[in-house]
Amino acid sequence: MLIEKFIEYLRVEKNYSNHTITAYKTDLNNFNDFLIQSGTKTKIENIKVGNINDNFDVVKEADWVVEAVVERIDIKHNIYEKIFKNRKQGAIVSSNTSSIPIKVLSEKLTEEEKKDFCITHFFNPVRYMGLLEIVKNENNDLNKINSLKKFCEIELGKGAIVCNDTPGFLGNRIGVYAMQVAMTEAFRMKLSIEEADAVFGRPMGIPKTGVFGLYDLIGIDLMADVLKSFIKELSDKDEFQIVAKEIPLVKKLIDTGYTGRKGKGGFYRINKRGNQKILEAINLETGEYATSKKIDFGVETVDINNL
């Protein structure tokens, strides 16, 4: 299936000749045969596509079930009910939530089910980021938590840390606050999003996406849900409450389907002009898009080994 899709991609998207495609197909099939004969199992074979209505029986086979649905408690509670009815005895069930506490997620579970339930927050983008937070509370079976941590470190190659059930856990308690401060300051200082991302990016040891680019990558609507969770769980006197207030432009983007890379665009978007794809950035004051500009602060690259 994967080979056929790749061949179709070469034919439709790349306009490769039939002669070239035939050569590619022969090489790919030979390589696939080699993998089978050598007993090598490709990772892609572990991935199965399905949905919770037609393919839910696979849950019965799993030793570990990870929930990664939208950050809404009602939806999560409904899926947990279905998972725990179908899981095999003792299987671990975890949530990929980035901010919702275990006590809230597990409030409808039985005491026995709570022992096998935890949070496994994979940092985004998962294929690049090594950090994984495993969040536990007083109900958990610690032997299972330690076994899960070991599995994630050895088999998944993650840097796993075990956290207590506090708002935002560790990473997002710091990271989301930093993002909100950067965004709030960008609006206050009337910066362009390119300027803000250029500052709040590699110069500060943060990925080059910066704050607005990262919002688009994570999902603007998802970030809004994360903020609501923080607002609800944190004290009214917490500094986070100041920078978590709803921003009208952000609400407008969500309401109009501009939820980031997964939607029509977000703070950045790709616009087609003729045969060209142009990266555009939104103006924080007017809400209008214009061609994105590269920001150069004229700072020389420094070799830290020579400092």
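Is K88 buried, partly exposed or exposed? At 33% relative accessibility, K88 counts as partly exposed; the term covers values between buried (under 20% relative accessible area) and exposed (over 50%), with a 1.4 Å probe and protein chains only.

The legends describe a predicted model, in which local features need pLDDT of at least 70, side-chain atom pairs count only at pLDDT 80 or more, and totals for chains, interfaces and linings use all residues. Residues are numbered from 1 along each chain as its sequence is written, and side-chain values use heavy atoms, with hydrogens and water left out.

**View 1. The salt bridge of D63 and K88.** The side chains of these residues meet at 2.6 Å, N to O; a salt bridge is a side-chain nitrogen of Lys or Arg within 4 Å of a carboxyl oxygen of Asp or Glu. D63 lies in the loop between α2 (18-37) and β1, and K88 in the loop between α3 and β2, 25 residues apart. Helices (H or I, at least four residues) and strands (E, at least two) are DSSP runs, numbered from the N terminus. D63 counts as exposed because its relative accessibility is 56%.

**View 2. Strands β1 and β2.** Strand β2 (residues 92-95) pairs with β1 in the parallel sense over four bridges, where pairing requires at least two DSSP bridges between the strands. V66 has S94 of β2 as its bridge partner.

**View 3. The aromatic pair of W64 and F151.** The ring centres are 6.1 Å apart and the planes stand at 85 degrees, so the pair is edge-to-face. Rings of Phe, Tyr and Trp (its six-membered ring) pair if their centres lie within 6.5 Å; planes under 30 degrees apart count as stacked, over 60 as edge-to-face and the rest as tilted. W64 belongs to strand β1 and F151 to helix α6 (residues 142-154), 87 residues apart. F151 is partly exposed, with a relative accessible area of 38%. Ring pairs link W64, F122 and F151 into a cluster.

**View 4. The aromatic pair of F212 and F267.** This edge-to-face pair has 4.8 Å centre to centre and 70 degrees between the planes. F212 lies in helix α9 and F267 in the loop between α12 (248-255) and β6 (268-273), so the pair ties together parts 55 residues apart in sequence. Both F212 and F267 are buried.
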